Amino acid sequence: MNKKQKKVLTRIIIASVLMVILVLLPLEDYPLVRFILFMVPYFTVGYDILLKAFKGIKNKQVFDENFLMAIATVGAIALGEYTEGVAVMLFYQIGELFQSYAVGKSRRNISQLMDIRPDFANVMVDGVLEQVDPDDVEIGSEIVVQPGEKIPIDGVVIDGNATLDTAALTGESVPRTAKNGDEVISGCINMSGVLTIRTTKEFGESTASKILDLVENASSKKSKPENFISKFARIYTPVVCYSALALAVIPPVVRLIMGIDPLWTQWVYRALTFLVISCPCALVISIPLTFFAGIGGASRAGVLVKGSNYLDALSRSKIVVMDKTGTLTKGVFEVTKVQAVDISEEELLEMTAMAEAFSNHPISRSLKEAYGKPIDTSLVSDVEEISGHGVKANVSGKVVQVGNEKLMNSIGVQVEDIVEPGTVIHVAIDGKYHGYILISDMLKEHSKEAIIGLKRAGISKTVMLTGDSKKVADLVAADLGLDEVCAELLPGDKVSKVEELLATKTDKEKLIFVGDGINDAPVLSRADIGVAMGALGSDAAIEAADVVLMDDDPSSIVKAIGISKKCMRIVYENIYFAIGIKVACLILGAVGIANMWIAIFADVGVMVLAVLNAIRALSVKKYK
Amino acid sequence: MKKTYKIDVDCANCANKMEEAANNTAGVANAVVNFMALKMSVEFEDGADTKSVMEEVLKNCKKVEDDCEIFL
């Protein structure tokens with residue numbers, strides 16, 4: 001609790017004690033003494049509310065909570081209901097205190113879980129390690145990260161080995177290892193070993209700073225329920241005030257005209273009850289608090305949401321469009337099959353790797369990686385690259401030709417038509433066919449799970465877009481169980497395809513596009529919700545996307561949708577619950593069934609319950 | 001141009017009022033108050049002098065909610 005809150009708490013305690021004593025004292029026979037004595041706890045607990053109400057009237061801002069409370073309590077006291085008057089003020093203050101405590105608590109909670117802000121960097125100056133402000137470290141400086149410390153700035157490891165805890169960034173609990181030459185990102189915690197890092201970015205441009213910036217500025221884009229509530233509060237309070245006035249005046253006047261006892265006291269009391277019930281605090285605080293907690297909880301699970309409007313949209317998503325390479329597949333080419341004819345598989349791979357020894361093409365690299373042994377390049381000569389076809393080389397005296405079907409045809413070697421997902425590399429040695437090697441982009445481990453999860457989360461259509469050949473795309477789509485697939489697309493075609501899909505759905509249903517953030521910025525911004533995944537270290541993606549998945553696991557989309565649905569459920573629960581109880585109590589109050597004590601529950605009780613419900617959005621354990 | 005300021009305010013409704021007051025200040029194109037993060041981000045109209053505009057914003061906010069602060 002901060003100083004302000006402690007002060008209010010003290011006032012509440014003093015006023016409560018005084019009130020209990022006053023209620024127990026037999027003061028009925030001394031009305032003036034009783035009045036004066038009751039004023040002591042009343043002003044102790046409520047002087048600031050009265051002052052604010054007065055200032056509000058002076059500044060022509062009449063209809064606010066302070067005004068409601070001031071009128072209600074002053075009115076109750078004027079009617080001689082001292083206990084109730086003081087109690088309303090007392091409970092109102094208790095409610096406010098609870099609210100401010102809960103808000104402060106969740107603020108701290110969220111900043112704690114986003115506790116990735118590095119406080120210092122260790123820089124070697126004249127052989128001595130010095131702690132400096134990370135803001136002062138220039139690009140290319142060498143910094144040292146000790147075990148237990150956070151990496152302050154993005155960079156490349158130039159010395160040392162360590163395991164890194166990335167949980168704060170990705171929600172992933174399995175530590176990563178970092179060794180010489182690896183890129184590391186700020187915000188990770190070094191768990192073992194000393195790392196020396198050459199920085200590649202400034203502090204402000206580093207991952208940790210970017211993420212903090214994003215999360216801290218998240219709720220500046222407000223969702224519909226939030227805008228609804230602030231508009232609602234603006235209209236609601238005056239309406240209730242005028243209704244209360246009408247309730248206090250019209251029935252007695254009517255009764256007076258009809259010639260019966262007007263019962264002024266009774267109707268004024270009802271009107272005051274009305275005012276206490278009507279206080280909009282429960283709604284006004286619980287809705288933004290729910291979104292704040294939801295966004296905070298999501299970031300703990302490695303899902304960064306840029307605004308509460310996107311949380312709302314995510315919960316309504318119906319179509320999920322995904323990029324293939326890098327999103328559903330690893331985006332790394334690997335040898336997945338070696339089919340040798342007349343020689344051993346190992347020999348085939350060796351010959352191929354040697355023929356490709358001088359090439360730096362991604363396919364050559366994956367061949368060499370699959371071979372795995374050092375290549376004696378002195379055995380390779382007369383290398384000839386035939387563009388669009390492949391490579392011809394002399395390996396230990398044999399002519400090795402490696403390439404596609406066209407190359408084989410051009411040298412008069414017959415090959416079968418092979419239907420496999422990936423790139424097929426045929427190999428001929430001394431003009432004789434010896435088999436093929438299949439290189440393909442592997443599906444990510446959780447891709448299939450993700451598609452099943454999306455279906456279960458109520459997504460009606462899953463679509464994959466890819467620039468790849470139709471053959472490969474169809475195989476992948478069939479394997480994963482996707483609804484639709486569009487292959488052989490240029491980057492521009494992806495935008496028009498997404499636009500086509502956008503036209504097929506209603507306004508309320510939302511379309512998500514999921515990409516790895518590379519080359520798909522236009523699509524990310526065109527979709528209702530652009531989701532970039534595996535965004536660690538990719539600035540472009542963090543900027544273009546509306547939702548950023550910190551890890552590159554496609555099942556995180558399911559997680560994000562789940563969290564958004566939970567959050568929105570709580571939002572609507574609170575809206576219906578708070579408005580429902582208030583309206584019910586207002587009606588009961590108007591007909592005289594609800595007294596001041598029920599009114600206090602409708603005000604403070606509902607607010608406390610709504611706030612407690614809102615805080616539930618922070619918990620995301622289920623989705624981890 | 002857009003700038004973000006730290007603010008201090010006690011209740012969510014007061015934050016909404018501050019937002020309205022800021023939006024009604026000359027020189028402000030759009031202002032958003034985030035109660036939970038205690039931040040106000042203000043988009044200024046072209047050519048506006050941010051400093052004097054913000055002083056005006058603070059004055060207007062004080063009018064609607066006496067107990068608020070913007071850290072300029």
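Why does A:Ala178 count as buried? A:Ala178 has 24 C-beta neighbours inside 10 Å, so it gets that label; the rule asks for 20 or more other C-beta atoms within 10 Å of a residue's own, with 12 or fewer meaning exposed, anything in between partly exposed, and C-beta atoms placed from the backbone.

A quick word on what you're looking at: this is a predicted model, in which local features need pLDDT of at least 70, side-chain atom pairs count only at pLDDT 80 or more, and totals for chains, interfaces and linings use all residues. Residues are numbered from 1 along each chain as its sequence is written, while chains are lettered from A and ligands numbered from 1 in the order in which they are written.

Back to A:Ala178, which sits in strand 6 (residues 176-178) of chain A. Strands here are DSSP runs of E, at least two residues, and helices are runs of H or I, at least four, numbered from the N terminus. Setting aside neighbours within four places in sequence, A:Ala178 is in contact with A:Val157, A:Ala162, A:Leu164, A:Val184 and A:Leu195. Contact means C-beta atoms, placed from the backbone, within 7 Å. Take A:Val157: it is 21 residues from A:Ala178 in sequence, with 7.4 Å between their C-alpha atoms.

Elsewhere in chain A, have a look at helix 10 (residues 308-315), where 8 of 8 residues are buried. Among them are A:Tyr310, A:Leu311 and A:Asp312.

Now for the two chains together. On chain B, 15 residues are in contact with 20 residues of chain A. Helix 1 (12-23), strand 2 (28-34) and helix 2 (50-64) of chain B each supply at least two residues of that side, and helix 1 gives the most, with 3 residues.

Terms used: Contact = placed C-beta atoms within 7 Å.
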